[in-house]
Amino acid sequence: MPGRTTLRQTMLGWSIARHGLAMLVTVLLGGLLSATLVRFAPGFDVDENQLDPRLNAASVQALRDARLQEHNVARFYYKSLMRAAHGDLGTSISLGQPVTTLLKQRAPLTLRLVSIGLLMSWSAALALALSAAWWRSASYDAVTTIVSGLFLCLPAAVLALLSVLWNVPGSLAIALIVFPRSYRYARNLLAKAYSLPHIITARAKGLSELRILLWHAMPVIGPQLLAVAGVSVSVAVGAAIPVEALCGLAGFGQLAWQAALARDLPLLVNITVLVTLVTLLANSGADVLGQALRGEHA
Amino acid sequence: MKAGRTLACVVLLIVVGASLAAGWLAPAGYAKQYREAADAPPSAQHWLGTDEIGRDRFARVLYGTRISLLLAPAAALLSTFLAVLVGGLAGYLGGVWARVAMAVTDLFLSLPWLFLLITVRALMPLNVSPLVSVLVTFLILGALGWTSAARVLCATAATLRSSDFVCQARASGIRGGRLFWIHVLPNLKPVLYAQFWISIPVFILSEANLGILGLGVAEPLPSWGSLLRELEGLVSVGEEPWKFVPLILLVVVVTSFQFLLSKQEEVAA
């Protein structure tokens with residue numbers, strides 16, 4: 001029906017636009033918060049160039065005046081925004097390098113770690129949740145619940161330390177941090193779906209498990225699973241801090257940790273805003289995909 | 001399940017009791033150094049051995065447990081109070097208030113928890129006295145951990161706002177703060193208790209993460225986070241297994257909380 005398709009497409013378009021707007025507002029607000037933090041952080045007024053003995057009084061005064069102009073948070077934020085629009089995110093205090101360069105250098109490793117970690121954790125979570133839903137064995141369910149519960153009780157940093165101790169890749173540590181959350185949600189959703197009357201009927205009629213999963217269960221739980229997948233991106237990105245810091249991997253997480261220890265706020269807030277943008281993108285993407293899936297099966 | 005909850009309760013009582021009796025069980029204290037016995041294995045004098053500068057590990061575990069287990073609930077109390085203030089009031093007032101409060105909540109929720117924690121921790125001076133570092137760490141946890149609870153409370157308060165008994169109270173002339181205090185807040189109590197208890201293990205784990213990363217409680221005060229940092233230098237698990245005692249204790253305590261909370265989570269949902 002063309003009318004219905006057009007309506008669905010319009011609604012999807014609206015949804016994308018709404019998410020885009022929400023993301024823009026969040027990033028702008030986050031940026032304002034970050035600019036305020038940087039502006040009021042101790043040491044903001046200090047410029048080490050002012051201590052250069054070769055500068056005369058007029059030059060030192062000019063440097064002070066330049067700093068004074070940035071005292072107003074709104075003006076400081078506006079200037080930071082303008083600079084950011086041209087790709088200039090400032091200079092790291094502790095590393096003395098442009099923040100943009102540092103981010104470009106570190107991004108690929110974190111991206112790889114997080115992607116592999118998410119892939120591993122979701123593969124394991126879905127495989128275990130599916131087998132739990134198919135077999136419906138109480139002992140199997142108890143074992144998987146205990147194992148996932150154990151991982152849930154371990155701090156992410158301890159899993160990172162253990163991964164160093166047992167010499168396993170950092171991506172596996174991220175996978176183990178994300179796994180218990182994704183498994184529990186996937187298991188609950190699948191268990192609920194497999195107790196629905198139409199799926200019980202399909203099983204009774206002898207339909208293959210794969211067909212039941214793809215044709216009957218997934219349309220029901222797909223949007224919720226996608227939403228959980230979006231949230232798990234945030235968990236994985238957060239886990240990158242202890243994993244990279246303690247495993248000696250030069251990514252975003254390690255950079256954020258070093259910036260926190262050195263109180264390098266310009267670098268830290270830029271990383272945080274960027275990470276927020278990534279998690280927002282993941283969540284919005286999952287929402288839009290879920291909506292599209294719901295529309296497809298409505 | 002009931003037996004599991006009873007066992008969890010007993011375990012928690014034993015751990016809390018032992019940590020409160022730290023002064024009696026380990027009278028030497030957490031900071032005393034036995035220089036002649038640095039990095040010693042377990043013995044009759046030092047049940048869990050000593051650390052690299054000769055401090056008794058058993059005493060440090062007991063005192064560290066006391067700090068983590070007393071301050072995590074304090075942080076949970078603060079976060080629950082903030083959640084009521086932001087979420088509960090926003091849900092009760094509704095309209096623009098609810099939209100603004102939830103927008104702020106969403107902004108906080110979109111930041112990964114650990115990134116937010118270390119960013120705010122970095123704003124505070126790192127070279128502070130140990131006592132100040134304890135307060136700063138748990139204040140940050142409490143001040144930033146209110147967001148998910150605020151969402152739940154906002155939704156619950158919004159439902160209560162349009163309930164029959166609140167409409168009746170409003171019709172009989174009770175308004176504003178009095179209506180919130182007498183009719184809405186008491187009905188938020190089950191959700192509040194649930195959120196409070198759920199926050200405790202989250203804060204215990206967050207403190208442990210911060211401590212391992214060197215952004216938590218400062219030396220010489222022990223906490224589970226700082227005690228777990230010892231694992232960083234290990235070469236193999238079998239080498240010095242007694243160093244895993246703080247980790248085992250943490251897992252046991254958090255698991256016990258999870259058991260106890262299985263019912264609370266249903267209420268919070």
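This is a predicted model: local features need pLDDT of at least 70, side-chain atom pairs count only at pLDDT 80 or more; totals for chains, interfaces and linings use all residues.
1. **The contact between chains.** Chain B touches chain A through 30 of its residues, which meet 33 residues of chain A. On the chain B side, helix 5 (113–123), helix 9 (176–212) and helix 11 (245–268) each supply at least two residues. Helix 5 of chain B gives the most, with eight residues. By class, the side of chain B that touches chain A has 22 nonpolar, six polar and two charged residues.

2. **The largest nonpolar core.** This core has 137 residues. Those with the most contacts inside it include Ile174(A), Ala236(A), Ala240(A) and Ala256(A) from chain A, and Ile118(B) and Leu153(B) from chain B. Helix 9 of chain A (residues 209–247) makes the largest share of the core, 17 residues.

3. **Ala236(A) within that core.** Set aside the neighbours within four places in sequence. Ala236(A) is then in contact with Val114(A), Gly117(A), Leu118(A), Ile174(A) and Val178(A). One of these, Ile174(A), is also listed among the core residues with the most contacts.

4. **Helix 4 against helix 7, chain A.** Helix 4 (residues 99–135) and helix 7 (residues 170–194) of chain A pack at an angle of about 35°. Their axes are 7 Å apart. The crossing of helix 4 and helix 7 of chain A is right-handed. Their contact has 24 nonpolar, five polar and one charged residues.

5. **Helix 5 against helix 7, chain A.** Helix 5 of chain A (residues 138–152) also packs on helix 7 of chain A, at an angle of about 130° and with the axes 8 Å apart. The crossing of helix 5 and helix 7 of chain A is left-handed. Helix 5 of chain A brings Ser148(A), Gly149(A), Phe151(A) and Leu152(A) to the contact. Helix 7 of chain A brings Leu176(A), Phe179(A), Pro180(A), Tyr183(A) and Arg184(A). By class, the contact of these helices has six nonpolar, two polar and one charged residues.

6. **Helix 6 of chain A.** This helix, residues 156–165, is mostly covered, with seven of its ten residues buried. The buried ones are Ala156(A), Ala157(A), Val158(A), Leu159(A), Ala160(A), Leu161(A) and Ser163(A). Asn167(A) follows helix 6 of chain A and has a positive phi, near 55°.

7. Most residues other than glycine have a negative phi, and most peptide bonds are trans. Asn167(A) is not a glycine, yet its phi is positive, about 55°. Asn167(A) sits in the loop between helix 6 and helix 7 of chain A. Asn167(A) counts as exposed because it has 6 C-beta neighbours inside 10 Å. Asp39(B) is not a glycine either, and has a positive phi of about 55°. Its place is the loop between helix 2 (22–25) and helix 3 (57–93) of chain B. Asp39(B) has 11 C-beta neighbours inside 10 Å and therefore counts as exposed. The cut-off for exposed is 12 or fewer.

8. **A cis peptide bond.** The bond from Glu219(B) to Pro220(B) is cis, with omega near 5°. Pro220(B) belongs to the loop between helix 9 and helix 10 (224–228) of chain B.

How values were computed: Residues are numbered from 1 along each chain as its sequence is written. Chains are lettered from A and ligands numbered from 1 in the order in which they are written. A residue is buried if 20 or more other C-beta atoms lie within 10 Å of its own, exposed if 12 or fewer, and partly exposed in between; C-beta atoms are placed from the backbone. Helices (H or I, at least four residues) and strands (E, at least two) are DSSP runs, numbered from the N terminus. Two residues are in contact if their C-beta atoms, placed from the backbone, lie within 7 Å. Ala, Val, Leu, Ile, Met, Phe, Trp, Tyr, Cys and Pro count as nonpolar, Asp, Glu, Lys and Arg as charged, and the others, Gly among them, as polar. A nonpolar core is a set of buried Ala, Val, Leu, Ile, Met, Phe, Trp, Tyr and Cys residues joined through C-beta atoms within 7 Å. Axes are lines fitted to C-alpha atoms, for helices over the stretch in contact, and angles run from 0 to 180 degrees between N-to-C directions. A crossing is left-handed if the near helix is turned anticlockwise from the far one by less than a right angle, and right-handed if clockwise.
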